[in-house]
Amino acid sequence: EIDRAANYLAKRFADMGLQPLSANKTGNKSASFLQSFTVSQIQPQAVNVMLNDVEIKAENLAIATTMANVNWQQTGAQVHIITKDDDMRDTLRELNQRGGQHLVIINTAHEKSFKAYQNYFSRGLTKLTLEHRGAIVMVLSDESKINSYKVSASAKITEQSLTNVVAVLPAQEAKNANEIVLYSSHYDHLGVTQDGKQVYNGADDDASGTTAILNLAQYYAQQGNNKRTLMFSAFTAEEIGGFGSKYFSQQLNPDDVVAMINIEMIGKPSKFGAGTVWMTGMERSNLGALLNEKLSAQNTEIFKDPYPEQGLFYRSDNATLARLGVPAHSFSSTQLDKDQHYHQVTDDISSLDLVSMHKVIESLAIATQSLVDGSVTPTRIDKAKVRAQGKIY
């Protein structure tokens, strides 16, 4: 059904008179709005470990790998021991960003966290590319000295085709044509329940944001006076790791993207009131301040992310472009601490407040007008201060 959704979005963009991204580059009028690519899905099949000549039970093992086969006997892996006083999450994050092959012995004091990672890794990984071959094998054990180890593991790797939908409204002035204002959302969600009987419709997450980019595209197309190039992208695969935005970011020069307005869950009133919106990472660029200058006459504003502990800046498609220096932020109204429908089958249109949602879209149109007409340019995000993407998981 996601292909039907993609085709619907493409038709809407075509009806508005927008151009496909490739047509904007090459002048090929028959080009498609559909931006297709392939990801690799990696599903662990088996993992066996012996430490100090003792076989470890399967319930105490976990693996994240981009390799079809892992075979270590005394060599091949770097061995790390996480004691009860160490920060397990920070250590694993550092190893993931470093890449390579690692055998990690985790003290049983971290059993609860280990089980969470084990459950996550057991579902398999998805990677845009397998150019980095690495593995992290985790063992829950109180061993503090490893005299010998033997590890064998296998994984099944399959490919899946995915599709973004990307449309362009060319700049009306040639001097600003290379400057891009990107409006984005993700149109994928969670699929169906395990028994296949119920659909996760994702009305708020993120059909609401996708509706916003359609409305904004139509609004600016009808105005016909955008001095910068406007791009509208409905990303796929956000829910499984943001692979749509990762692929998209490789199809253009990120230095040309003046700002990214990523719209994520705007279907319900925020804690600041109906029709209000907040943005992630406001402190990372001056984009929020520039947008609020335009909104001051409307007696409203875009608020700072009220849920910093949730790490939302890294949990949507803006993170990929932010890592490349783009002032890329997500705009939302969801109350994550109270939303009973988040990632549930009840996230349906009946749970939305369409009046509030409409007001949010209007506010974003007003707020971003100065980006569209080229009168302001936000500061770039400091790439060095954005957490790097992991190489293995």
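The model is predicted, with local features needing pLDDT of at least 70, side-chain atom pairs counting only at pLDDT 80 or more, and totals for chains, interfaces and linings using all residues. Residues are numbered from 1 along each chain as its sequence is written, and side-chain values use heavy atoms, leaving out hydrogens and water.

**Exercise 1.** Determine which residues of helix 1 are buried and what covers them.

Solution. 
1. Helices are DSSP runs of H or I with at least four residues, and strands are runs of E with at least two, numbered from the N terminus. Helix 1 spans residues 2–16.
2. Buried means under 20% relative accessible area, exposed over 50%, and partly exposed in between (1.4 Å probe, protein chains only). The buried residues in helix 1 are Ala 6, Leu 9, Ala 10, Phe 13 and Met 16.
3. They lie on the same side of helix 1, because they cover an arc of only 125° around the axis; the arc is that of the directions from the helix axis to the C-beta atoms.
4. Arg 4, Lys 11 and Asp 15 are exposed on the face turned away from the buried side.
5. The cover of the buried residues includes strand 2 (34–51), strand 10 (149–169), helix 5 (203–223) and strand 12 (229–235).

**Exercise 2.** Describe the surroundings of Phe 37.

Solution. 
1. Phe 37 belongs to strand 2.
2. Phe 37 counts as buried because its relative accessibility is 5%.
3. Contact means heavy atoms within 4.5 Å. Leaving aside neighbours within four places in sequence, the contacts of Phe 37 include Leu 128, Leu 162, Phe 243 and Tyr 247.

Key: The expected span of a helix is 1.5 Å times one less than its number of residues.
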